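Welcome, and please take a look at the model below. This briefing walks through its sheet, its core and its aromatic rings.

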Amino acid sequence: MAVPNMVIVHVSDAPVSARFYAELFDVEPGFETPRFVSFPLTDGFDLALWSGVSDHLTAPRTSELCVTVPGGPERIDQQFRDWTAKGVTVVEEPHDEVFGRTFVVADPDGNLIRVAPVD
């Protein structure tokens, strides 16, 4: 059985984006090259940043990385305050959705990062 073990976020400059994600998530890269950097997030699951281009892909690359946070709405609001203190670009302020409190920020390339409650 094939099981996903990595999320790849396409970026324009892997080292610049790596510094952003390292500070945002307080994690160090596990693997680094000039165009590909990966971070071990949990046992067997990585976040990778890639500045490579494929001539064979024709579909647009769109995604939203979701970070789930335990602790209720007040914890989501605290995460928002913590990240805005680091200077992230806010796309959506904290608000309530059908699944709970949430907000969205962007990385240096405009890739979306949503924070939401643990289900």
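Two strands count as paired here if DSSP finds at least two bridges between them. With that in mind, Val69 stands opposite Pro117 in E8. Please remember throughout that this is a predicted model.

**The sheet**

- An open sheet is formed by four strands in the order E5-E8-E7-E6, and its pairing is mixed.
- The edges are taken by strand E5 (64–69) and strand E6 (89–97); each has a single partner strand, so one side of each is left without a neighbour in the sheet.
- From one strand to the next, the twist averages 20°.
- E5 pairs with E8 in the parallel sense, over six bridges.
- E7 and E8 pair in the antiparallel sense, over four bridges, and Ala106 has Leu112 as its bridge partner in E8.
- E6 is joined to strand E7 (residues 100–106) by six bridges, and these two strands run antiparallel.
- Thr89 has Ala106 as its bridge partner in E7.
- The hairpin of E7 and E8 has five residues between the strands, and Gly110 takes a positive phi near 90° there.

**Around the sheet**

- Helix H2 lies across E5, E6, E7 and strand E8 (112–117), and runs at about 15° to E7.
- How much of E8 is buried? Five of its six residues are, so E8 is largely enclosed by the rest of the structure.

**The nonpolar core**

- The largest nonpolar core holds 23 residues, and those that touch the most other members are Tyr21, Phe39, Leu49, Trp83, Phe103 and Ile113.
- Two or more residues each come from H1, strand E3 (36–42), strand E4 (45–50), E5, H2, E7 and E8.
- Which element gives the most to this core? That is H1, with six residues.
- Leaving out residues up to four places away in sequence, Tyr21 touches Val9, Asp26, Val27, Phe39, Leu47, Leu49, Leu65, Asp107, Asn111 and Ile113.

**A serine in helix H1**

- Ser17 is found in helix H1, and it counts as buried because its relative accessibility is 1%, with the cut-off for buried being under 20%.
- Apart from its neighbours within four places in sequence, Ser17 is in contact with Val11, Leu49 and Asp109.

**Aromatic rings**

- With ring centres required to lie within 6.5 Å, the count comes to six aromatic pairs.
- One of them is formed by Phe20 and Tyr21, edge-to-face, at 5.2 Å centre to centre with 85° between the planes; Phe20 and Tyr21 are both buried.
- Another edge-to-face pair joins Phe25 and Trp83, at 5.8 Å centre to centre and with 65° between the planes.
- This second pair links distant parts of the chain: Phe25 belongs to helix H1 (residues 14–25) and Trp83 to helix H2 (residues 73–85), 58 residues apart.
- Are Phe25 and Trp83 buried or partly exposed? Phe25 counts as partly exposed because its relative accessibility is 23%, whereas Trp83, at 2%, counts as buried.
- Ring pairs link Phe20, Tyr21, Phe25, Phe80, Trp83 and Phe103 into a cluster.

Conventions:
Residues are numbered from 1 along each chain as its sequence is written. This is a predicted model: local features need pLDDT of at least 70, side-chain atom pairs count only at pLDDT 80 or more; totals for chains, interfaces and linings use all residues. Side-chain values use heavy atoms; hydrogens and water are left out. Rings of Phe, Tyr and Trp (its six-membered ring) pair if their centres lie within 6.5 Å; planes under 30 degrees apart count as stacked, over 60 as edge-to-face and the rest as tilted. Buried means under 20% relative accessible area, exposed over 50%, partly exposed in between (1.4 Å probe, protein chains only). Contact means heavy atoms within 4.5 Å. Axes are lines fitted to C-alpha atoms, for helices over the stretch in contact, and angles run from 0 to 180 degrees between N-to-C directions. A nonpolar core is a set of buried Ala, Val, Leu, Ile, Met, Phe, Trp, Tyr and Cys residues joined through side-chain atoms within 4.5 Å.
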